[in-house]
Amino acid sequence: MSRTAAKIGVVGVVVVLAAISTYVMHLLEWTVRGSDTAQGLLGLDICLWVIFWTLCLTGYWGLPAEKVPMVRKAIGTVVILALGLAFTYLFKAITPAIVGGDVSGKISEAYPLMSLTYIAWSLVFVMTALWVGSFYSKL
Amino acid sequence: MNSKATERVLALVLFWAVAAAITYVFWWMGKMSPGDTSLLVTAPNFSAVFAYWGLFFTFFIGLYLGMGGGECFSCTLEGEQTFSPEVVRKACGTAIAFVGTAVSVMLTTHFAQYGLPEGSFGLNFTSGSQVLSLLPLHWGFVWLVFVQHLKLV
């Protein structure tokens, strides 16, 4: 497979993974859906998932490449997404104690930026992995 | 803990301390506007604002400036020449990115109509202006990627 075909393949995988991620957010009702208050947040959601999977596959996995330690990188990706989820719920729990307000109740109403918050924390951990990888390449 | 590990831990603490400080500044700015509660950093967006600013400083201080063990910045600081070409280059890149961000934020807030009546310009702090706390960092990302990947300096 030529280098160009490999790059196009990576772009395709990024788009598919971003679409799946956005759809999962939609199923979980973590997105602000079709109302006047949505303010184009679904578009932002899609954009940020594209950025996340681009950073993950091209930065963290190093694709397209000849040899990729698939198992290690797959485990790392799951850890990144799990840490993102853990921090999303952690900060959701401690937020009222820090800035006040109430975030209990149905997520789509009381915490309408849940999806963007989850992507934010996932991006934090993939960026941290890239930073750690800049001095410790075995990550 | 050896000196490299200490430097990395301190760098990580620095990213998040700066992120917390900026989040607090936006919360305080919102508090100054009319009403009892902050309009810029609220319960539903606090976590996202803090995380995105932490992400920005991990990228800017950690990956662009190379603090904590990246390839070049900290090693030049350890060298005999404090103002080596690498330090000057990074300082110029940072300056360009910050000026570009400031101009971009000014232009986009001037021409966007966040929560304002039809036909008017600027940000309205009393309605729908929460995006202000996220706007500078997104432009900051754009300009840092621009400086770094186009190799402006």
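B:K4 and B:E7 form a salt bridge, with 3.4 Å between the closest N and O atoms. The term stands for a side-chain nitrogen of Lys or Arg within 4 Å of a carboxyl oxygen of Asp or Glu. This is a predicted model, in which local features need pLDDT of at least 70 and side-chain atom pairs count only at pLDDT 80 or more, while totals for chains, interfaces and linings use all residues. Residues are numbered from 1 along each chain as its sequence is written, chains are lettered from A and ligands numbered from 1 in the order in which they are written, and side-chain values use heavy atoms, with hydrogens and water left out.

Stay with that bridge. B:K4 and B:E7 both belong to helix α1 (residues 3-32) of chain B. Being 3 residues apart there, the two are separated by about one helical turn. Helices here are DSSP runs of H or I with at least four residues, strands are runs of E with at least two, and both are numbered from the N terminus. B:K4 is partly exposed, at 32% relative accessible area. B:E7 is buried. The cut-offs are under 20% relative accessible area for buried, over 50% for exposed, and partly exposed in between, with a 1.4 Å probe and protein chains only.

Now follow the helix. α1(B) has 30 residues and spans 43 Å from its first C-alpha to its last. That is close to the 44 Å expected at 1.5 Å a residue. The expected span is 1.5 Å times one less than the number of residues. Along α1(B), the buried residues are B:E7, B:A11, B:F15, B:W16, B:A19, B:T23, B:F26 and B:G30.

The C-alpha atoms of B:F15 and B:W53 are separated by 8.6 Å, although the residues are 38 apart along the chain. B:W53 lies in helix α2 (residues 46-64) of chain B. Its relative accessibility is 5%, so B:W53 counts as buried.

B:W53 also opens the aromatic part of the picture. Ring pairs link B:W53 into a cluster with B:F26, B:F56, B:F57, B:F59, B:F60, B:Y64, B:F98 and B:F141. Rings of Phe, Tyr and Trp (its six-membered ring) pair if their centres lie within 6.5 Å; planes under 30 degrees apart count as stacked, over 60 as edge-to-face and the rest as tilted. Over all chains, a search of the whole structure finds 28 aromatic pairs. In one of them, the rings of B:F56 and B:F57 have centres 5.1 Å apart and planes at 75°, so the pair is edge-to-face. B:F56 is buried at 6% relative accessibility. B:F57 is buried too, at 7%.

The charged end of B:K90 sits over the ring of B:Y64, 4.4 Å from its centre. Such a contact requires NZ of Lys or CZ of Arg within 6 Å of the ring centre and within 35 degrees of the ring normal.

Step back to chain B as a whole. Chain B has 5 helices and 0 strands. Its pattern along the sequence is α-α-α-α-α. Of its 153 residues, 43% count as buried.

Turn to chain A. Chain A has 5 helices and 0 strands. From the N terminus on, its elements run α-α-α-α-α. Its C-alpha atoms fill a box of roughly 50 × 30 × 20 Å along the principal axes. Buried residues make up 41% of its 139 residues.

Chain A has aromatic contacts as well. A:W131 and A:F135 form an edge-to-face pair, 5.2 Å centre to centre with 85° between the planes. A:W131 is buried, at 2% relative accessible area. Elsewhere, A:K73 lies over the face of A:Y60, 4.3 Å from the ring centre.

In chain A, A:E29 bridges to A:K106, with the closest N and O atoms 3.6 Å apart. A:E29 lies in the loop between α1 (3-27) and α2 (41-60), and A:K106 in the loop between α3 and α4 (107-110), so the pair ties together parts that are 77 residues apart in sequence. A:E29 is partly exposed, at 28%. A:K106 is partly exposed, at 47%.

Finish on the surface of chain A. A:M70 is in helix α3 (residues 70-99). A:M70 is exposed, with a relative accessible area of 51%. Together with A:V71, A:I75, A:V79 and A:L83, A:M70 forms a nonpolar patch of about 470 Å² accessible area. Patches are made of residues with over 30% relative accessible area and no salt bridge, like charges being joined within 9 Å and nonpolar side chains (Val, Leu, Ile, Met, Phe, Trp, Tyr) within 5 Å. The areas come from the Shrake-Rupley method with a 1.4 Å probe, and for residues only the protein chains shown count as cover.
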